[in-house]
Amino acid sequence: MSLLTKEQLRNFISENNIQSIPDLYTSLKNLFKDTIQEILEAELSTELGYERYDKKDKDTQNSRNGYTQKTVKTQFGEMEIDIPRDRQGEFEPKIVPKYKRDISGIEEKVIALYARGMSTRDIHDQIKDLYGIELSAEMVSKITERIVPEIKEWQSRPLEKIYTFIFMDAIHYKVRTDGHIINRAAYVVLGVTIEGIKDVLGIWIGENESSRFWLGVLNELKNRGVEDVLVFSVDGLTGIKEAIQAAFPKSEIQRCIIHQLRNCFKYVSYKHLKEFSKDFKAVYQAANEEIARDEFEKLKNKWQNLYPYAIKSWENNWDVLSPFYKFPEEVRKIMYTTNIIEGFHRQLRKVTKSKTIFPSDEALEKMLYLVTMNVLKKWTVRYKNWDIVLNQLIIMYPGRLEKYL
């Protein structure tokens, strides 16, 4: 779009006798109305295939049929415009859609403010200050309800046939239900495509963790088109291991090392924490699983008597803690921790921290979805050294990636 020249601006000021801000506002309002009117006329000309008063080029049985007056709400306030009609009633203007009386863009601004964690009261004040428009809390809620069908569509959209990594974890919120405040979990599933791009595959709210629940989530992923997953990286979520083995029996399960460490540190006295942590570093930073086993035996002999539960936790989960040892550093960095999903959770908390209690599951769902959409706009760059990672995965999982490349 070309900008007006200084000469054109001077002519505009002179022709409209603009001497104050209110004069400018009135002139812009009139200009806005005239521009809308011209666009409507141009849309109908395109629809009919001939310009007004140019019937020699007419090649249709349809024709113009006067106007319908319509009052619309704009950023310049309310104004009346004339919607041109066609005789056959087929014309549907795009600039001012049928049945739409608010073309101010206020709804989009309300949703954008809501996505940044603002309360309905804050949104009311902001819109009133900027546009002089009163919006009740109920109206703000009604406007944000527009995205509910969008959320359902996103949550059921088709997915990639294969994901190299899938990360699963939960983030917790307080929600008011039937007059009571209860804890709700938002279970997030995040995937990495064969192009090395991150994507949030879905968010499920409110269910209790169990193998049955996770199996339902995983079967939903399959129903949306996922045929294979190379590695699941998860925290110690209840029932997740059994669910993965049932839904994706060929997939590797990697327990998050960082979460495992945090869990076993609960059993360790503060005075020993630094030394205990240092000894464990030799285990999870080992060059391969054999060396890791040796280092673990040393650690076990040293700490077994003092902290048996911390040691037993590693022994019981070794099968899901050890898969990453067979990979080089580039792959290990991705799979041995759920940092990627914790980073996503930080983005959610940044916006939701002002909301101590959500009025409903739907309100929580709307906000998490809007924040997710903002985060996904930034996820356009693939993982560093992805070519090395992909080649390693092709070798380690023969025959599973090639047909999707």
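Biologist: In which helix does Leu28 lie?

Modeller: Leu28 belongs to helix H2, which covers residues 21-48. Helices (H or I, at least four residues) and strands (E, at least two) are DSSP runs, numbered from the N terminus. This is a predicted model, in which local features need pLDDT of at least 70 and side-chain atom pairs count only at pLDDT 80 or more, while totals for chains, interfaces and linings use all residues. Residues are numbered from 1 along each chain as its sequence is written, and side-chain values use heavy atoms, with hydrogens and water left out.

Biologist: Why does Leu28 count as partly exposed?

Modeller: Buried means under 20% relative accessible area, exposed means over 50%, and partly exposed lies in between (1.4 Å probe, protein chains only). Leu28 has a relative accessibility of 32%, and therefore counts as partly exposed.

Biologist: Which residues make the nonpolar surface patch?

Modeller: Leu28 makes this patch of about 340 Å² with Ile21, Leu24 and Leu31. Patches are made of residues with over 30% relative accessible area and no salt bridge, like charges being joined within 9 Å and nonpolar side chains (Val, Leu, Ile, Met, Phe, Trp, Tyr) within 5 Å. The areas come from the Shrake-Rupley method with a 1.4 Å probe, and for residues only the protein chains shown count as cover.

Biologist: Which residues gather in the patch of positive charge on the surface?

Modeller: Arg116, Lys350, Lys353, Lys377 and Lys378 form that patch. Lys and Arg count as positive and Asp and Glu as negative, whereas His and the chain ends are not counted. The place of a charge is taken as NZ of Lys, CZ of Arg, CG of Asp or CD of Glu. Lys377 sits in the loop between helix H16 (361-376) and helix H17 (386-396), and its 62% relative accessibility is why Lys377 counts as exposed.

Biologist: How do you know that the buried residues of H5 line one face of the helix?

Modeller: In helix H5 (residues 137-144), Val140, Ile143 and Thr144 are the buried residues. Seen down the axis of H5, they fall within an arc of 95 degrees, so they line one face. The arc is that of the directions from the helix axis to the C-beta atoms. Glu138 and Lys142 are exposed on the other side of H5.

Biologist: What makes Asp199 and Arg157 a salt bridge?

Modeller: A salt bridge requires a side-chain nitrogen of Lys or Arg within 4 Å of a carboxyl oxygen of Asp or Glu. The closest N and O atoms of Asp199 and Arg157 are 3.2 Å apart, so the pair meets the rule. Asp199 is in strand E5 (residues 198-205) and Arg157 in the loop between helix H6 (148-155) and strand E3 (162-177), so the pair ties together parts 42 residues apart in sequence. Arg157 has a relative accessible area of 16% and is therefore buried.

Biologist: What are the places of Asp228 and Arg400 in the chain?

Modeller: Asp228 and Arg400 form a salt bridge with closest N and O atoms 2.8 Å apart. The pair links distant parts of the chain, 172 residues apart, with Asp228 in strand E6 (residues 228-234) and Arg400 in the segment after H17. Both Asp228 and Arg400 are buried.

Biologist: Are Lys333 and Glu329 buried or exposed?

Modeller: Both Lys333 and Glu329 are exposed, and their side chains meet in a salt bridge (3.6 Å, N to O).
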